[in-house]
Amino acid sequence: MKEYVIIVAGGKGLRMGGDIPKQFIPIKGEPVLMRTIEAFYAYSNQIEIILVLPVDQQAYWRTLCEHCRFTVPHRVADGGETRFHSVRNGLALVESDGLVGVHDGVRPFVSTEVIRACYAAAAGKLAVVPVIDVVETIRHLTVGNKSETVPRDSYKLVQTPQVFTVDLLKKAYMQEYTSRFTDDASVVEALGYPVFLVQGNRENIKLTTPFDLKVAEALL
């Protein structure tokens, strides 16, 4: 089946505390976003990569690619008002049936094994997300500023890529936007389709804060 990945990179990086959007910050000399794209190209040099970037960041990205001699083939779609609208714009460049993954641009450490497992499972189950176990105790906030412990075995932490059949994801993104849509799986679930889980890799962290950058450098 034809495989696509939509890599969403629309963050401003405010929590990083710098002037450069977090997806462009170099770790060990290479911008985060390039490492993320390379992870999917390492999985398959046939996968079609669609990068979603805000319009005002695209010229900088082209300059960065020239400077770093970055040649991994990819197309660029315009970022939208929200992540939902950005993914919808990326889907507009998906031109044939097959499988499409959606991945956070600031998750450069997704493993080839996890990518492969997600696409393989989605071919039969239609909608798949990678997850990892919760290893810390969880407390649920209740009425009156109280809280209670809940069984952590009942919860999973969700990662990306979230992979779907093209037909299903396009149908899901025809819905009107609502704030309840926190990821692609939630958009698909709103249509009444089940979402299946595969095991993710713990290193597949989302780089959001300066501390995350230190972890990233250690991982490299």
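Visitor: Where is the place of glutamine 23, and is this residue buried or exposed?
Guide: In this predicted model, glutamine 23 sits in the loop between strand E1 (3-8) and strand E2 (26-27). Buried means under 20% relative accessible area. Glutamine 23 has 1% relative accessibility, and therefore it counts as buried.

Visitor: Which side chain does a polar contact join to that of glutamine 23?
Guide: The contact links two glutamine side chains, at 2.8 Å. The partner of glutamine 23 is glutamine 57.

Visitor: Which residues does leucine 33 touch, not counting residues up to four places away in sequence?
Guide: Leucine 33 belongs to the largest nonpolar core, which has 30 residues, and is listed with Ile7, Ile37, Phe40, Leu51, Trp61 and Tyr119 as touching the most other members. Elements giving two or more residues to this core are E1, helix H1 (32-43), strand E4 (48-53), helix H2 (55-68) and H4. With residues up to four places away set aside, leucine 33 touches Ile7, Ala9, Gln23, Phe24, Leu51, Leu53, Trp61 and Gly105.

Visitor: How many residues are in the other core that lies apart from it?
Guide: Among the members of this other core are Phe84, Val129, Val166 and Tyr173. Its residues number 26.

Visitor: With which residues is alanine 123 in contact, leaving aside its neighbours within four places in sequence?
Guide: Alanine 123 lies in helix H4 (residues 112-125), and its relative accessibility of 40% is why it counts as partly exposed. Its C-alpha atom is separated by 8.3 Å from that of glycine 98, 25 residues apart along the chain. Beyond the neighbours within four places, the contacts of alanine 123 are Met1 and Leu99.

Visitor: What is the phi of lysine 28, and what is that of leucine 126?
Guide: Lysine 28 is in the loop between E2 and strand E3 (30-31), whereas leucine 126 is in the loop between H4 and strand E7 (127-133). Lysine 28 is exposed, at 59% relative accessible area, while leucine 126 is partly exposed at 33%. Neither residue is a glycine, yet phi is positive: about 55° for lysine 28 and about 75° for leucine 126.

Conventions:
Residues numbered from 1 in each chain as written. Predicted model: local features only at pLDDT ≥ 70, side-chain atom pairs only at ≥ 80, totals over all residues. Heavy atoms only, no water. Helix = DSSP H or I, 4+ residues; strand = E, 2+ residues; numbered from the N terminus. Buried < 20%, exposed > 50% of the residue type's maximum accessible area, 1.4 Å probe, protein only. Contact = heavy atoms within 4.5 Å. Polar contact = N/O pair within 3.5 Å; in protein donor to acceptor, adjacent residues only side chain to side chain. Core = buried A, V, L, I, M, F, W, Y, C linked by side-chain atoms within 4.5 Å.
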